[in-house]
Amino acid sequence: DQLLAVGVSNIANHAKRLANQLIQGVIPLGWRPFHKWDNRDGAHHIVSLAHPNIKAEKAAKALRTAGVICGARNGRVRVSIAPYNDGKDIQLFIQKLGEVTR
């Protein structure tokens with residue numbers, strides 16, 4: 001009921017804004033999204049990231065140790081954006097991923 005009250009399109013737009021923030025923040029760190037951003041084969045609330053020199057499993061473990069909830073699937077760090085996440089959550093993820101990347 002809560003999700004329907006907020007509106008599916010509002011939730012989708014929220015996820016799209018946060019995913020865009022996330023992707024723009026991790027590209028300078030060398031991480032790349034699995035899907036091109038304008039490709040609709042993916043969904044904005046799920047972002048999968050790969051780095052040419054860093055194993056996803058190692059990065060995801062370090063992120064989880066730092067209190068950031070994420071996973072590793074098929075050699076990529078997988079982030080799920082929920083309706084309750086906000087820009088501060090994304091900034092924290094970018095900061096912690098930066099620490100893992102260095």
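1. Basis. Numbering runs from 1 along each chain as its sequence is written, and side-chain values use heavy atoms, without hydrogens and water. In this predicted model, local features need pLDDT of at least 70 and side-chain atom pairs count only at pLDDT 80 or more, while totals for chains, interfaces and linings use all residues.

2. Fold. The protein chain has four helices and four strands. Their order is α-α-β-β-α-β-β-α. Both are DSSP runs numbered from the N terminus (helices: H or I, at least four residues; strands: E, at least two).

3. Dimensions. The radius of gyration is 13 Å, in agreement with the value near 13 Å for a compact globule of 102 residues. It is taken over C-alpha atoms; the globule rule is 2.2 Å times the number of residues to the power 0.38. The C-alpha box along the principal axes is roughly 40 × 30 × 20 Å.

4. Packing. Of the 102 residues, 32% are buried (under 20% relative accessible area, 1.4 Å probe, protein chains only). Of contacts between residues at least 6 apart in sequence, 62% join residues at least 24 apart. A contact means heavy atoms within 4.5 Å.

5. Helix H4. Buried in H4 are Ile90, Phe93, Ile94, Lys96, Leu97 and Gly98. Their cover includes helices H2 (8–26) and H3 (56–65), and strands E2 (46–50) and E4 (76–80).

Conventions:
Buried < 20%, exposed > 50% of the residue type's maximum accessible area, 1.4 Å probe, protein only.
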